[in-house]
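Subject: Model for you to look at

Hi there,

Here is the structure I promised to send over. Could you open it next to your notes and follow along as I go through what turned up?

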Amino acid sequence: MSGEQQSHDAQKTLTDLRDHLARHDKPIAFFFGAGTSCSVTVPSSGGGEAKPLIPAVPGLTAACKKDAGDLGEKYATAWSLIEAQCNDEKQDAHVENVLSRLRMMLNAVGKNDTLSGLKADEIKILEECLRKTIARLVTPDLSGLSSDFPHRKFARWLAKTSRRTCVEIFTVNYDVLIEDALEAERVPVFDGFVGSYRPFFHPDSLRRAETAPGSNWTRLWKMHGSVTWRRIEQDGRIRVVRGEPDPAGEMILPSFQKYDESRQQPYAAFTDRLTRFLEQDDALLVVAGFSFGDEHINNVIFGALENRPRTHVYALQFDELAEETVLIKRACQRSNLIMVGPKTGVIGGRRAKWSPTESPSFMDGVFELKEAPTTVGETAKPRSGLMKIGDFACFCHFLEAMAS
């Protein structure tokens with residue numbers, strides 16, 4: 001890490017972010033990844049440590065593997081063979097890569113062929129099993145959630161703010177946690193669907209401001225679809241409508257095909273909307289719970305930062321990232337991309353640790369001074385700072401405190 005002897009001022013970083021968010025005339029948007037949904041936890045059935053209401057990729061992978069095994073020994077063996085293929089290719093054998101391989105097998109298998117011990121119809125059964133497992137896990141019962149989960153705090157902050165331009169929320173999450181929270185806090189929201197009986201997607205409302213509600217309505221753009229969407233054919237035309245959550249919802253499931261699927265409507269309209277937002281002068285995008293693992297999303301964000309020096313992106317990270325990750329490399333190249341990690345930040349193109357500053361009350365819950373343990377007679381060791389705002393729950397606490 002460059003700048004090992006130097007540090008970044010954590011208080012100044014958080015003050016700058018708070019000031020940006022408080023400005024009424026600044027175009028502001030948020031980008032939520034899977035980590036935001038994982039921040040909502042529920043008690044374990046056995047009374048142990050709380051677990052995420054919606055699992056992250058490792059949890060999804062474990063559940064899909066179990067359900068594949070429940071189909072029978074043939075399918076369990078096929079999963080093991082696909083895992084081995086991933087390992088041979090030095091890929092993580094998570095559900096995204098397994099699903100990608102299954103879809104490649106579906107495209108390649110002949111009528112009488114066998115791949116990984118499965119015939120064409122059996123590969124289709126396994127692929128469908130994985131899709132349904134993912135859809136089921138991102139559609140949990142929300143009726144038991146408390147009024148204090150992170151998305152509700154975010155919605156309460158939104159409800160108390162007044163702006164000249166609407167706040168936009170981009171998300172790749174299929175679940176409806178954010179919709180539930182916004183409606184519970186009575187925040188008016190527009191998601192690109194119009195109508196009252198069976199709302200249908202209306203792409204023109206994303207392109208022309210006069211066809212959408214006013215600036216006091218929050219925008220919600222679900223870039224990978226939702227469990228509440230489905231495609232239907234009506235009068236010979238295919239359209240996307242919104243209804244009750246459906247385990248077979250219209251989603252871009254994790255696989256190599258998501259890059260092709262994202263070029264279809266309505267996904268292309270949301271990608272275009274993200275591009276248009278970032279092209280606004282002085283725009284600010286705050287990214288939370290997203291590891292920058294989606295190439296087509298990265299291309300939009302990084303491309304805008306190169307062409308628009310007055311556009312800024314704050315990338316709030318839950319985990320400390322390695323030097324070779326794409327986000328760290330890009331942040332070191334672009335001063336308008338600020339990476340905020342637990343131990344280090346990249347600001348002004350320079351990566352450094354957080355200075356162990358005393359923190360005022362507004363930093364409560366998002367910054368922690370760490371004391372190094374000492375033995376008897378040993379002089380006190382230098383303190384260090386731990387930034388916690390990359391945890392979506394802490395970030396929402398930070399926002400709620402701003403409005404209180």
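Ser 335 counts as exposed because its relative accessibility is 52% (exposed means over 50% relative accessible area, buried under 20% and partly exposed in between, with a 1.4 Å probe and protein chains only). You will find Ser 335 in the loop between α13 (326–333) and β14; helices (H or I, at least four residues) and strands (E, at least two) are DSSP runs, numbered from the N terminus. Leaving aside neighbours within four places in sequence, Ser 335 is in contact with Gly 348 and Gly 349, where contact means heavy atoms within 4.5 Å. Lys 124 is 211 residues away from Ser 335 along the chain, and their C-alpha atoms are separated by 47 Å.

A word on the source: this is a predicted model, in which local features need pLDDT of at least 70 and side-chain atom pairs count only at pLDDT 80 or more, while totals for chains, interfaces and linings use all residues. Residues are numbered from 1 along each chain as its sequence is written, and side-chain values use heavy atoms, with hydrogens and water left out.

Now to the sheet. Ten strands form an open sheet with mixed pairing, in the order β1-β16-β15-β14-β13-β12-β2-β5-β9-β6; two strands pair if DSSP finds at least two bridges between them. At the edges stand β1 (7–8) and β6 (189–190), each with a single partner strand, so one side of each has no neighbour in the sheet.

Ser 7 has Lys 353 in β16 as its bridge partner. β16 is also joined to β15, through four bridges and in the antiparallel sense, with Ile 347 partnered by Arg 350 in β16. β15 and β16 form a hairpin with two residues between them, and Gly 348 in the turn has a positive phi of about 65 degrees. That Gly 348 is one of the residues that Ser 335 touches. Next along, strand β14 (residues 337–340) pairs with strand β15 (residues 344–347) in the antiparallel sense over two bridges, and Val 340 stands opposite Gly 345 in β15.

Another pair to look at is strand β17 (residues 367–370) with β18, which run antiparallel and are joined by four bridges. Leu 369 has Gly 385 in β18 as its bridge partner. Strand β18 (residues 384–387) has a covered face, made of Gly 385 and Met 387, and an uncovered one, made of Ser 384 and Leu 386.

On to the helices. Helix α3 (residues 57–70) and α4 pack with their axes 7 Å apart, at an angle of about 140 degrees (axes are lines fitted to C-alpha atoms, for helices over the stretch in contact, and angles run from 0 to 180 degrees between N-to-C directions). That makes α3 oblique to α4; angles under 35 degrees count as roughly parallel, over 145 as roughly antiparallel, 65 to 115 as roughly perpendicular and the rest as oblique. On the α3 side the contact is made by Thr 61, Cys 64, Lys 65, Ala 68 and Gly 69, and on the α4 side by Tyr 75, Ala 76, Trp 79 and Glu 83.

The axes of helix α4 (residues 73–88) and α5 come within 10 Å and cross at roughly 105 degrees. That makes α4 roughly perpendicular to α5. Trp 79 is among the α4 residues in this contact, and Arg 101 and Leu 102 are among those from α5. Arg 101 and Leu 102 are also among the buried residues of α5.

Which residues touch the most other members of the largest nonpolar core? Of its 72 residues, they are Leu 21, Phe 30, Leu 130, Phe 154, Ile 389 and Phe 395 (a nonpolar core is a set of buried Ala, Val, Leu, Ile, Met, Phe, Trp, Tyr and Cys residues joined through side-chain atoms within 4.5 Å). Apart from it lies another core, of 39 residues, including Phe 292.

Phe 292 has a positive phi of about 60 degrees although it is not a glycine, and at 3% relative accessibility it counts as buried.

Best wishes
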